[in-house]
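Let's take a walk through this protein together, with the model open beside you. Keep the viewer handy so that you can find each residue as it comes up.

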Amino acid sequence: MSETGKTTHFGAREVREDEKAGLVHGVFSSVAARYDVMNDVMSMGVHRLWKDAMMDWLAPRDGQRLLDVAGGTGDIAFRFLARAPGASAVVLDLTEPMLAEGRKRAGAAALADRLDWVTGDAMALPFADASFDVYTISFGIRNVTRIGDALAEAFRVLKPGGRLMVLEFSQLPNAGLQKLYDLYSFAVIPRMGQAIARDRESYQYLVESIRRFPDQEDFAAMIREAGFGLVKYRNLSMGIAALHSGWKL
Ligand SMILES: C[S@@+](CC[C@H](N)C(=O)[O-])C[C@H]1O[C@@H](n2cnc3c(N)ncnc32)[C@H](O)[C@@H]1O
């Protein structure tokens, strides 16, 4: 048992809290080399539109310092810096092989003076209080063992007036549509994982972890609980994903 004896979920499985980060690290180490191509295939490119919608709402500005947590191969940071050439960004992720893929991407070298890659945990950020203007986390927070701890850390490292934005899978508003979407994801995504990345299990985890994540209203309440104000959300593709925004007032 862990020291506290607490358990949590890892997809559909119940695991000890202290086991989860290692399991998540295993999933993303295993998929890192195929991660970008799998995202395009599984979502039929739609994840790009969702990430662009995140940038539209965020409206990056020159001079801002972004922390993109669970930033993986850098999709959010690259977009942010493209929209604000006078901004800087740090990508933090638990899984070094994901960051290594990001560093190899076209354009990474040219951004070296305003883009840093840091290995670390969303629940214990290696940064001083009040050191960022913007905190983003895209398709990352559902993997974190204690979501409340990650949100508390986001609040701590943001400057007063700073903004949090979360992109995550969410819930469809209608039970029939949700059922259809579940059928698609449980039937198709693990098979695609097997065919393209030779890794069915990691993609089985992906679809199961999506089901376990709180719906739009419950997640908004967790963000408020962490201290954020003006909390709002927008559905993407009818709620398959959602953006949540909050401010450190
Ligand atoms: C689905 S990927 C998302 C990558 C990228 N943000 C995107 O939108 O394409 C999830 C990432 O979360 C990272 N991750 C999971 N738990 C984490 C934690 N506790 N702290 C930091 N990163 C974490 C994984 O290593 C993985 O790279």
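The paragraphs below start at the ligand, move to one helix, and then visit some individual residues.

A word on ground rules: this is a predicted model, so local features are described only at pLDDT of at least 70 and side-chain atom pairs only at pLDDT 80 or more, while totals for chains, interfaces and linings use all residues. Residues are numbered from 1 along each chain as its sequence is written, and side-chain values use heavy atoms, with hydrogens and water left out.

Let's begin with the ligand. Its shell is made of 19 residues, with Y35, A70, D93, T95 and S138 the closest; a residue belongs to this shell if one of its heavy atoms lies within 4 Å of the ligand. By class, nine of the shell residues are nonpolar, seven are polar and three are charged. Here Ala, Val, Leu, Ile, Met, Phe, Trp, Tyr, Cys and Pro count as nonpolar, Asp, Glu, Lys and Arg as charged, and the others, Gly among them, as polar.

Now look at some individual atoms. Y35 has a polar side-chain atom 2.8 Å from an oxygen atom of the ligand, and S138 places a polar side-chain atom 2.6 Å from a ligand oxygen atom. With A70 the backbone takes part: one of its polar backbone atoms is 2.8 Å from a nitrogen atom of the ligand. How much of the ligand does the protein bury? Taken alone the ligand exposes 600 Å², and the protein buries 98% of that (areas come from the Shrake-Rupley method with a 1.4 Å probe; for residues, only the protein chains shown count as cover). Helix 1 (17–31) and helix 2 (35–43) are the elements that give two or more residues to this shell. Helices here are DSSP runs of H or I with at least four residues, strands are runs of E with at least two, and both are numbered from the N terminus.

Next, turn to helix 3, residues 46–58. At 1.5 Å a residue, its 13 residues should span 18 Å, and its end C-alpha atoms are 19 Å apart, which agrees; the expected span is 1.5 Å times one less than the number of residues. Its buried residues are H47, W50, K51, M54, M55, W57 and L58. Buried means under 20% relative accessible area, exposed over 50%, and partly exposed in between (1.4 Å probe, protein chains only). Seen down the axis, these buried residues fall within an arc of 165°, so they line one face of helix 3; the arc is that of the directions from the helix axis to the C-beta atoms. L49 and D56 are exposed on the face turned away from the buried side.

Most residues other than glycine have a negative phi. Is F139 buried or exposed? With a relative accessible area of 11%, F139 is buried.

To finish, here are some distances across the model. E17, in helix 1, is buried, with a relative accessible area of 16%. Its C-alpha atom is 24 Å from that of L99, 82 residues apart along the chain. N174 lies in the loop between strand 7 (158–169) and helix 7 (175–197). N174 and Y35 are 139 residues apart in sequence and 30 Å apart in space, C-alpha to C-alpha.

Note on methods. A polar contact is a pair of N or O atoms within 3.5 Å; within protein, one must be able to donate a hydrogen and the other to accept it, and residues adjacent in sequence count only if both atoms are side-chain atoms.
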